[in-house]
Amino acid sequence: MLRIINRVLIGLAGLGLVVLGGSVLAVGLGTAPPSWWVHHGPHDVLLSDAERTRWRQEGWWWPTVIGALTILVLLAVWWLSAVLRRRRLSEVLVDTGDGAGALLRGRAMEGVLAEDAGRLDGVQEARVLLTGRRSAPRARVRLLLEPYVDPADALHRLTTGSLAHARESAGLAALPTEVRLRGAKYRAGRVS
C-alpha cells in the first residue's frame with residue numbers, strides 16, 4: 001500500500017510541476033495565455049508587490065501560512081520516514097536460555113524457512129519475508145501451489161511443519177504469519 005501511495009504522490013507532484021513549468025515556459029516564449037491565467041506576458045513577475053503584501057495586515061494570515069507550512073513539513077517528514085524505513089527484518093533475537101540471547105540474521109531465517117516450506121508436497125515455490133521487531137518478528141509467506149494441491153491441506157502442513165519448526169528453533173513464543181497462496185498455471189494436456 002505504501003508503495004502505491006508513494007508512486008501516486010510522486011506522480012502527482014511531477015505532473016503538477018511539469019504542467020506549471022511548461023505553462024510558464026510557454027508564456028515566456030510568447031504564447032498567449034488564457035484570460036484567467038495568473039501571468040499575462042513574458043515580462044510579468046511571479047508575485048507583484050501588491051500580491052505579496054495583500055494579506056499582511058489581516059490577523060488570520062500569518063497563523064494560516066505557518067499552519068499550512070507546518071502541515072506540509074510534517075507530511076514530508078512522515079513520507080520520508082516511511083520511504084526510508086526498513087521493511088525487512090535484519091536480525092532476530094534468539095533466546096538461548098542463559099539470559100544473554102543471540103542474534104540470527106533475518107535473511108538466514110528467511111532462507112531456511114523458504115527452503116523448508118518449498119519442500120512441502122505440492123509447493124512449487126515459497127517466498128518468505130520477515131518484518132516486525134527483532135524480539136517479535138512477523139513472517140509473510142507466499143506459496144505457489146501445484147494445481148492438484150488442496151490449499152487447506154498445504155496451509156495446515158505449513159503451520160504445523162515449517163512455521164512451528166522455525167518458531168521452536170528460534171525460541172520464539174509466537175511467530176505471527178500472513179500466508180498468501182496462489183495456484184500455479186498450467187496448460188491442459190492434449191488428448192489425441
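**Exercise 1.** Find the residue that stands opposite L143, and name its strand.

*Solution.* Keep in mind that this is a predicted model. Start at L143 and look across to β5. The residue opposite is L181. Now look at the strands themselves. β4 covers residues 136-145. β4 and β5 run parallel, and seven bridges join them.

**Exercise 2.** Work out the strand order of the open sheet, then say why β3 and β5 each have a side without a neighbour.

*Solution.* The sheet has three strands, in the order β3-β4-β5. Its pairing is mixed. β3 (123-133) and β5 (177-183) are at the edges. Each has a single partner strand, so one of its sides has no neighbour in the sheet. From one strand to the next, the twist averages 15 degrees.

**Exercise 3.** Which strands does helix α4 touch as it packs on the sheet?

*Solution.* Locate α4 at residues 106-118. This helix touches β3 and β4. Then compare directions: α4 makes about 150 degrees with β3.

**Exercise 4.** Describe the largest nonpolar core, then list the contacts of M109.

*Solution.* Begin with the count: this core has 24 residues. M109, L143, L158 and L175 have the most contacts inside it. Next, find the sources. β1 (91-94), α4, β3, β4 and α5 (151-170) each give two or more residues. The largest share is five residues, from α5. Finally, take M109 and set aside its neighbours within four places in sequence. M109 is then in contact with V92, L104, L130, A166, A170, L172 and L175.

Terms used:
Residues numbered from 1 in each chain as written. Predicted model: local features only at pLDDT ≥ 70, side-chain atom pairs only at ≥ 80, totals over all residues. Heavy atoms only, no water. Pairing = 2+ DSSP bridges. Helix = DSSP H or I, 4+ residues; strand = E, 2+ residues; numbered from the N terminus. Axes fitted to C-alpha atoms, helices over the stretch in contact; angles between N-to-C directions. Contact = heavy atoms within 4.5 Å. Core = buried A, V, L, I, M, F, W, Y, C linked by side-chain atoms within 4.5 Å. Buried < 20%, exposed > 50% of the residue type's maximum accessible area, 1.4 Å probe, protein only.
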